[in-house]
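Dear colleague,

I am passing on the structure below for you to look at alongside your own work. My notes on it follow directly after.

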Amino acid sequence: METPRATANTPSKTGERIAFAVMVAALIAAPFFAYPLFLMQALCFALFACAFNLLIGYGGLLSFGHALYFGWASYLAAHSAKVWGFTPELAILTGAATAAVFGLVTGALAIRRQGIYFAMITLALAQMMFFFALQMKFTGGEDGIQAVPRGKLFGLFDLTSHMAMYPVVAVFFLAGFLIIHRVINSPFGEVLKAIRENEPRAISLGYKTERYKLVAFVLSATLAGMAGATKAIVFQIASLTDVYWTMSGEVILMTLVGGLGTLFGPVVGAITIIAMQTYLNAFEQWVTVIQGTIFVACVLLFRRGIVGELARALKIKL
Amino acid sequence: MKRMISMTALTIALAAGTAHAQQQVTVKIGVMSDMSSLYADIGGPGSVAAAKMAIADYTKDRPNVKVEMISGDHQNKPDVGSNLANQWFDVDKVDMIIDIPNSGVALAVSQVASQKNKLFIVSGAASSDLSGSKCNANTIHWTYDTWMLANGTGKAMVKTGGDTWFFLTADYAFGHALERDTDAVVVKNGGKVLGKVRHPLNTNDFSSFLLQAQASKAKVVGLANAGGDTINSIKQAAEFGIVKGGQSLAGLLVFASDVAALGLPTAQGLALTETWYWDVNDANRAWTKRWQVERPGKFPTMIHAGVYAGITHYLKARESMGGAPDGKAITEKMKSMPTDDILFGKGEIRADGRKIHDAYLFEVKKPEESKYPGDFYKTRATIPAAEAFRPLAEGGCSLVNKS
């Protein structure tokens with residue numbers, strides 16, 4: 001374990017550190033230049049994509065049901081903030097905890113299979129939960145849970161204005177991002193990568209791969225839930241859009257465009273896609289066509305995604 | 001120094017000029033509608049056309065009023081709608097949003113308008129909660145609502161012998177409100193509701209729902225849905241022989257555009273309630289001709305008329321106030337001014353935000369009675385404004401209790 005880590009340390013660590021510093025600086029400066037609500041949306045999706053990337057980029061597991069955790073966490077966060085009167089940070093944690101429970105149950109079922117079967121099981125379970133969201137009383141069906149109060153952080157700071165909400169979202173995003181960074185650079189993360197490369201060999205080395213995969217799955221679901229819960233508090237609405245399968249597809253798209261298996265890729269991918277959806281809004285239904293074209297171009301021209309290609313050109317790890 | 005004097009003189013001259021003429025008023029209007037899906041025909045591009053006409057008509061002889069307009073698609077998703085509304089109010093500096101033919105989205109946007117203290121005029125959405133339990137001081141409900149539909153079509157059906165009902169309801173805010181309000185009217189008039197089934201918004205296959213309606217043996221199958229859903233359910237009901245089997249259909253919300261899409265052979269005999277119909281008088285016919293320049297071959301619905309009238313009244317109120325009033329102030333002003341426009345005539349906006357005008361109970365003509373394209377309805381009754389809408393005290397609107 002010692003030797004590869006030591007060699008990986010010198011040039012790549014600096015690249016990562018510079019990139020991280022740039023990102024934090026951008027996070028601080030951004031609300032003074034761009035529309036804070038757009039930034040908060042981008043950050044929620046960036047965290048969602050990072051959580052998804054943890055599973056596919058480092059564990060090699062393609063989940064097609066991540067909308068389940070994102071959406072249900074947003075429902076629970078919205079419900080707890082609106083009906084139970086939770087403060088926003090507690091509501092977000094409630095959402096994340098919900099996603100963790102769902103992740104544990106669905107993950108335990110899904111990781112028994114590999115490849116396309118794994119993807120199909122996650123999709124099926126997510127769709128099942130979508131129909132629960134459609135039919136259950138507390139979710140409000142098509143209307144969603146509306147008029148969710150942003151409330152007061154720790155019961156003290158009023159978050160009604162966008163500028164007050166933004167730092168909270170930024171902190172939740174950074175916390176999630178650092179957790180992921182820690183996980184993939186830990187011995188646990190090394191084992192996960194080993195399983196991705198060659199599972200039988202990992203088994204033969206004595207690792208209980210199913211346990212590793214399950215922990216990765218639950219972590220990914222929990223962080224996806226944190227993203228969804230934050231989004232519900234920011235937009236003051238939890239709706240079917242967030243649990244529908246297209247949301248699972250969107251997060252895959254973000255991760256691929258940004259760069260699969262890179263630390264910063266999902267962030268860049270999420271910002272790119274959300275910016276397209278926001279600023280190309282005037283084209284109405286053409287947005288999906290434009291998105292599709294970009295996706296095709298991405299697959300044909302830069303397969304490693306934006307950040308992946310950049311890292312290769314600069315010969316650093318990002 | 002000389003320059004400063006001339007500058008001062010210029011400023012004074014300008015100030016005097018504006019005071020002498022009228023105040024310069026600049027406003028921005030956002031038309032948010034369903035541009036591509038099942039409600040695109042009842043609102044959508046037709047609402048944008050109506051908004052353009054209203055702006056053109058009002059600014060024609062008033063060079064001091066400048067109006068900008070943007071439009072957008074809410075895709076029938078409440079989150080998309082509230083997101084877009086936030087962006088319009090914050091970034092694009094929109095003063096007022098109009099239309100939204102989806103009650104779920106309208107309720108969400110009404111919240112945003114209240115929070116940002118702007119104005120939202122509902123023309124497309126129907127839920128009576130918008131001027132009832134979920135009313136606020138920044139929302140005006142213009143064209144029609146579910147209580148008025150129930151009171152029109154529902155009452156008429158019960159009075160003509162349709163005393164047992166089965167509801168086919170669109171499963172969201174609008175359908176629930178329409179079902180609730182109609183249910184109340186049916187029971188109040190001595191009828192009975194035998195059952196109800198809820199279908200997802202934008203459904204293509206109504207067969208299982210229609211079979212349940214058939215099995216209920218109710219005399220009336222009440223369609224608490226709208227737009228594309230109504231068209232599909234009426235067409236499929238015809239295929240299942242529901243009307244031939246002796247049950248009658250009550251289209252609780254049917255628009256002229258739906259009748260055009262269904263065709264008179266399928267739609268004939270349907271009783272329906274509207275607050276505006278293009279072929280009632282010369283003013284409406286002249287307006288429709290102009291509207292059709294942008295929407296050739298189509299017929300305007302009451303929602304389109306509501307968009308036109310709503311914008312007209314808004315601009316009147318804005319011009320009379322001048323400056324840049326906030327949402328609550330302009331809403332107050334609009335409520336205090338009597339409304340008067342070429343499409344709805346004279347009327348008023350109540351304290352709860354409900355706009356009051358006459359409603360009409362129509363019946364769709366038989367194909368042989370229709371003499372020209374768009375000749376859809378014959379009038380069965382006119383419901384005077386005072387009776388057409390829910391009494392002010394019964395809505396449970398907090399704005400009413402206060403005063």
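Predicted model: local features only at pLDDT ≥ 70, side-chain atom pairs only at ≥ 80, totals over all residues.

Where they meet, 21 residues of domain 1 of chain B are in contact with 24 residues of domain 2 of chain B. On the domain 1 side, helix α4 (residues 103-116) of chain B provides the largest share, three residues, and the residues of that side comprise nine nonpolar, nine polar and three charged.

The contact between the chains involves 21 residues from chain B and 15 residues from chain A. On the chain B side, β2 (65-73), α3 (78-90) and α4 each supply at least two residues, with α3 of chain B giving the most, seven residues; that side as a whole divides into eight nonpolar, eight polar and five charged residues.

The largest nonpolar core has 225 residues, and those with the most contacts inside it are A:Ala46, A:Leu47, A:Phe48, B:Val109 and B:Val221. Helix α2 (residues 36-59) of chain A gives the most to this core, 19 residues. Both domain 1 and domain 2 of chain B also give residues to this core, so it lies between them. As for A:Leu47, if its neighbours within four places in sequence are left aside, this residue is in contact with A:Phe173, A:Gly176, A:Leu223, A:Met226 and A:Ala227.

With best regards

Methods
Residues numbered from 1 in each chain as written. Chains lettered and ligands numbered in written order. Contact = placed C-beta atoms within 7 Å. Helix = DSSP H or I, 4+ residues; strand = E, 2+ residues; numbered from the N terminus. Nonpolar A, V, L, I, M, F, W, Y, C, P; charged D, E, K, R; others polar. Core = buried A, V, L, I, M, F, W, Y, C linked by C-beta atoms within 7 Å. Buried ≥ 20, exposed ≤ 12 C-beta atoms within 10 Å, placed from the backbone. Domains from an automatic or database assignment.
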